[in-house]
Amino acid sequence: MCGIIGYIGDNGALDIGMKGLKRLEYRGYDSAGLAISNGKEVSCIKVVGKVEELEKIVGDKDLVGSSIILHSRWATHGGITESNAHPHADCKGNIFVVHNGIIENYKQIREKLKLMGHKFVSETDTEVLPHLIEHFYNGNLEEAVIKALKYIKGTYGLVVMAKHNSDRIVVARMFSPLVISVNEHGGFVASDPSAIISHSKRMIFLEDGEVAVIKKDDFIITDLERKVKDKKETELDWDIEEAQKSGYAHFMLKEIMEQSESVANSMRGRLIIEEGISKLGGIDSVKDKLKDIKKINILACGTSYYAGLIGEYLLEELAGIPTEVDFASEFRYRKFPTVENEAYLFISQSGETADSLAALKEVKKRKALSLGIVNVVGSSIARETDAGVYNHAGPEIGVASTKAFTSQVVVLALVALFLGRQRNLSLADGKTIAKEISKLPELINNTLKDISAIELLAKKYNSASNFLFIGRKYSYPVAMEGALKLKEISYIHSEGYSAGEMKHGPIALIEENFPTIAICPQDSVYEKTVSNIQEIKARNGKVIAITTQGNEEIKSLVDDIIYIPKVNEVLSPILSVIPVQIFAYYMAVSFGHNPDMPRNLAKSVTVE
Ligand code: G6P
């Protein structure tokens with residue numbers, strides 16, 4: 001999400017820091033800042049906007065330093081303002097912190113610290129860190145950091161400097177990546193190897209629960225009990241571009257592979273399994289209104305629209321609320337009558353899609369309740385809707401949406417659980433769903449274990465000029481998303497259809513060279529989809545089935561099988577979509593297309 005870099009040494013801290021921060025620009029961000037120490041004083045500068053803006057301000061000042069910490073922020077808690085940008089400082093201006101991740105118990109800690117007299121100036125979760133460290137600080141920075149971290153629940157990759165300990169920076173990791181390198185040029189730390197790879201290719205990747213004290217020519221890594229860890233360096237042979245993609249050939253593949261983490265981030269701190277509920281701070285302000293909602297209209301474009309279609313099934317099944325989904329581009333021109341107690345839910349990765357924004361304006365004219373599920377914090381749709389839930393999936397760079405989709409479906413499941421428990425969903429059923437949602441990161445990891453088999457399938461089928469994707473119920477939107485992914489990056493004609501509708505038209509296309517991908521996990525409509533597969537086989541069509549691990553009986557029926565782990569059917573799209581993303585990716589690669597930049601398409605469509 002956010003980018004971090006830190007440096008301590010004799011080689012011009014400002015220049016190294018600024019160049020490193022620029023290399024993190026590809027991740028997307030909305031504000032930036034730095035703290036630089038000359039051994040006596042620390043200067044802290046923060047701006048809203050690009051690193052360029054920071055450069056302009058820094059250029060006007062005479063900043064010489066021997067240690068520096070920098071951050072580019074991708075807002076999660078609190079709006080995009082200078083005071084919310086990092087670094088954050090304690091009351092006395094001694095301790096400075098940059099942080100990636102989310103401090104889940106920040107509200108409680110903040111209240112306690114306030115009672116002790118600490119003054120807060122931002123809306124962020126991060127700001128509790130410098131104050132908590134200040135609380136424990138007794139001249140020894142690492143000791144104070146470790147004591148503070150024992151009170152923290154959540155995730156962090158953090159870098160700390162203190163005016164009175166200017167010979168060191170202290171860093172710690174819990175679920176947010178950090179890499180360090182200490183060599184003859186000084187001590188480096190970054191959230192991403194790309195920021196420091198021009199200074200060293202030998203790096204140490206920190207693990208969860210590790211703390212490192214970095215000096216200009218020395219470092220030590222311990223755990224939170226201060227037990228010293230012996231860590232090995234890794235030699236990276238990446239160039240800078242490869243480093244930005246963490247070694248993956250394309251951003252799309254990187255984003256596919258990080259879905260376990262992005263989905264974990266989307267649900268972090270939002271599930272209370274014992275109570276079978278979800279806690280969604282962003283819609284808390286309208287929770288009473290939501291109790292009376294009798295109808296939900298979901299509006300979105302592209303991949304977000306297909307996530308919306310899954311939302312329709314989820315909201316009707318878990319919450320019993322009649323739900324309708326439309327393309328925002330169509331809806332904006334409908335003469336839609338509003339009824340009492342309805343809500344309009346906008347789903348958008350970017351939060352800037354012109355058609356979705358225009359539809360939102362129409363809804364607002366009619367004074368109906370508008371909600372958002374948006375990934376980019378502070379974007380137009382996030383600002384204009386009455387309330388909403390952020391995805392926290394991190395920046396998505398590849399034009400073809402992948403991790404945003406799985407995150408949207410997870411958030412829709414959380415919203416459906418929330419609304420369901422406000423209505424008739426029992427405690428037992430709520431618990432079952434909450435537990436299943438919590439298992440998703442692990443199940444996604446299993447799904448991603450062997451992608452080479454899908455790469456081979458893409459090679460096997462890449463002479464086909466057309467593809468059909470079919471599925472029923474929860475798998476029907478996945479069929480459409482699969483067809484969209486394939487056509488947008490490999491330029492092969494593909495259609496997504498409801499398996500039941502196939503006999504009303506598309507079956508006429510089926511012949512030996514027109515393969516079908518059937519999304520058929522063993523769910524409540526499995527047998528029905530199998531009948532449709534049989535209809536295709538009877539016409540000599542080839543079939544690749546995406547089905548549940550352990551399904552042996554389908555082997556005799558289809559040509560190829562991709563297995564996904566067993567999961568409650570309402571969450572199955574989050575797993576079944578992954579193979580179709582990978583299939584589309586390798587198809588595009590097999591033709592030599594760049595999947596990150598498909599022809600004629602844009603990441604954020606801000607025109608009608
Ligand atoms: C473009 C992108 C798609 C995206 C769609 C909607 O077409 O290429 O990946 O699904 O816009 O964008 P949004 O940001 O509103 O989700």
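This is a predicted model: local features need pLDDT of at least 70, side-chain atom pairs count only at pLDDT 80 or more; totals for chains, interfaces and linings use all residues.
Q: Let's start with the overall layout. Into which domains is the protein divided?

A: Happy to begin there! The assignment gives domain 1 (3–236), domain 2 (243–438) and domain 3 (451–590). Taken over C-alpha atoms, the centres of domain 1 and domain 3 are 46 Å apart.

Q: Which polar atoms lie by the oxygen atoms of the ligand?

A: Look at both side chain and backbone. Ser 348 places a polar side-chain atom 2.6 Å from a ligand oxygen. From the backbone, an N or O atom of Thr 303 lies 3.0 Å from an oxygen of the ligand, and a polar backbone atom of Val 399 is 3.2 Å from a ligand oxygen. As for cover, the ligand alone exposes 380 Å², and the protein buries 91% of that.

Q: And the cysteines: how many disulfides does the structure hold?

A: First the general idea: a disulfide covalently joins the sulfur atoms of two cysteines. This structure has zero disulfides. The cysteine sulfur closest to that of Cys 44 belongs to Cys 91, and at 14 Å it is too far away for a bond.

Q: Are Cys 44 and Cys 91 buried, exposed or partly exposed?

A: Cys 44 counts as partly exposed because its relative accessibility is 33%. Cys 91 has 41% relative accessibility, so Cys 91 counts as partly exposed too.

Methods. Residues are numbered from 1 along each chain as its sequence is written. Side-chain values use heavy atoms; hydrogens and water are left out. A polar contact is a pair of N or O atoms within 3.5 Å; within protein, one must be able to donate a hydrogen and the other to accept it, and residues adjacent in sequence count only if both atoms are side-chain atoms. Accessible areas come from the Shrake-Rupley method with a 1.4 Å probe; for residues, only the protein chains shown count as cover. Domain bounds come from an automatic or database domain assignment. A disulfide is a pair of cysteine sulfur atoms within 2.5 Å. Buried means under 20% relative accessible area, exposed over 50%, partly exposed in between (1.4 Å probe, protein chains only).
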